[in-house]
Amino acid sequence: MKITIESMQEQQSPPKAPAPKPEPEPKKTELEKLKAMSGKDRAWYIWAYYKFHILAVVIAIGLIWQIGLVIYHSTFTSAFHCMYLNSYSSEGPNPAPLEDQLREYLGLGKKETITVETGYIAFGDDATEYSYANMAKITALSASKDLDVLIADTACTNHYAELGAYMDLETFLPADLLEKVRDRLYYATGEDGTTIACAIDISGTDFVTESNLTQDVPLLGIIVNSVRTDNAVALIRCILEP
């Protein structure tokens, strides 16, 4: 190897320092990243990275809402429950007259509820799954003492009279009211084979017209295990003594 002055100087000179590394760019926050994106990219980014968080929040809000509703509705009490059966019309029965008149008559508060439902029942070969579902519902409501009155046609009234579902109105109604409805009493065969006054014919009343009830004969019967019979009697007075 040929030794030169230049080579000797290179060996004697200190090693060169490495070139400095460039400073890393400061890491952007999530907010800064989102601000720099277009609206479409921002939506995609949020859904891609936070969808499980979003779903968890939605589920939590839904659960809190449902629990709140349950707690709120637990402060309500049922004042009356009535079902209209076999009122066939294109418009359907109108529950407003019963709800409004009975609420005013009883002086109910906002948290005392009146429930009016509609159902259709056919018998024999005409029975459908919907009929059986309504029968099951009435049975369940009656068994749990949540149903007070049925307003039905003659076929349904006869059917439920045979099952022992109705009060005998001749022995149950107050004497003054019994005298007023005596000419309207409807008799049917009861569970034990005897004839009972199981319902009141309310046809021709303003209540029937306003409620749009179209049964062949609208018959009002009080369910035998109702725990709100006083309110059922009040409804009869509302209808016949408006």
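Modeller: Start with the contacts of Asp153. Setting aside residues up to four places away in sequence, Asp153 touches Leu85, Asn86, Gln215, Asp216, Val217 and Leu219. Keep in mind that this is a predicted model. Where does Asp153 sit? Its place is the loop between strand 3 and helix 6, which covers residues 154–162. Is Asp153 buried or exposed? Its relative accessibility is 9%, and buried means under 20%, so Asp153 counts as buried. In sequence, Asp153 and Leu85 are 68 residues apart. In space, their C-alpha atoms are 6.9 Å apart.

Step back into strand 3 itself. Leu150 belongs to this strand. Its relative accessibility is 0%, so Leu150 counts as buried. What does Leu150 touch, once neighbours within four places in sequence are left aside? The list is Met83, Leu85, Ile138, Tyr160, Tyr166, Leu219, Leu220, Gly221 and Ile223. Leu150 and Tyr166 are 16 residues apart in sequence, with 9.1 Å from C-alpha to C-alpha.

Phi of Lys145 is near 60 degrees, a positive value, and Lys145 is not a glycine. Lys145 has a relative accessible area of 42%, so it is partly exposed. A second residue with a positive phi is Asn212, again near 60 degrees and again not a glycine. Asn212 is in the loop between helix 9 (206–211) and strand 6 (219–222).

Next, the whole chain. It holds ten helices and six strands. Of its 242 residues, 34% are buried. Consider the contacts with a separation of 6 or more: 68% of them join residues 24 or more positions apart.

Finally, look at a pair of helices. Helix 4 covers residues 96–106, and helix 10 covers residues 229–240. Their axes are 10 Å apart and meet at an angle of about 110 degrees. That angle falls within 65 to 115 degrees, so the two helices are roughly perpendicular to each other. The crossing of helix 4 past helix 10 is right-handed. Which residues make the contact? From helix 4 come Leu98, Gln101, Leu102, Tyr105 and Leu106. From helix 10 come Asn231, Ala234, Leu235, Arg237 and Cys238. By type, seven of these contact residues are nonpolar, two are polar and one is charged.

Stay with helix 10. Ten of its twelve residues are buried, so the helix is mostly covered. The buried ones are Thr229, Asn231, Ala232, Val233, Ala234, Leu235, Ile236, Arg237, Cys238 and Ile239. Among them is Arg237, which also takes part in the contact with helix 4. How does the length of helix 10 check out? At 1.5 Å a residue, its twelve residues should span 16 Å. Its end C-alpha atoms are 17 Å apart, which agrees.

Conventions:
Residues are numbered from 1 along each chain as its sequence is written. This is a predicted model: local features need pLDDT of at least 70, side-chain atom pairs count only at pLDDT 80 or more; totals for chains, interfaces and linings use all residues. Side-chain values use heavy atoms; hydrogens and water are left out. Axes are lines fitted to C-alpha atoms, for helices over the stretch in contact, and angles run from 0 to 180 degrees between N-to-C directions. Helices (H or I, at least four residues) and strands (E, at least two) are DSSP runs, numbered from the N terminus. Angles under 35 degrees count as roughly parallel, over 145 as roughly antiparallel, 65 to 115 as roughly perpendicular and the rest as oblique. A crossing is left-handed if the near helix is turned anticlockwise from the far one by less than a right angle, and right-handed if clockwise. Contact means heavy atoms within 4.5 Å. Ala, Val, Leu, Ile, Met, Phe, Trp, Tyr, Cys and Pro count as nonpolar, Asp, Glu, Lys and Arg as charged, and the others, Gly among them, as polar. The expected span of a helix is 1.5 Å times one less than its number of residues. Buried means under 20% relative accessible area, exposed over 50%, partly exposed in between (1.4 Å probe, protein chains only).
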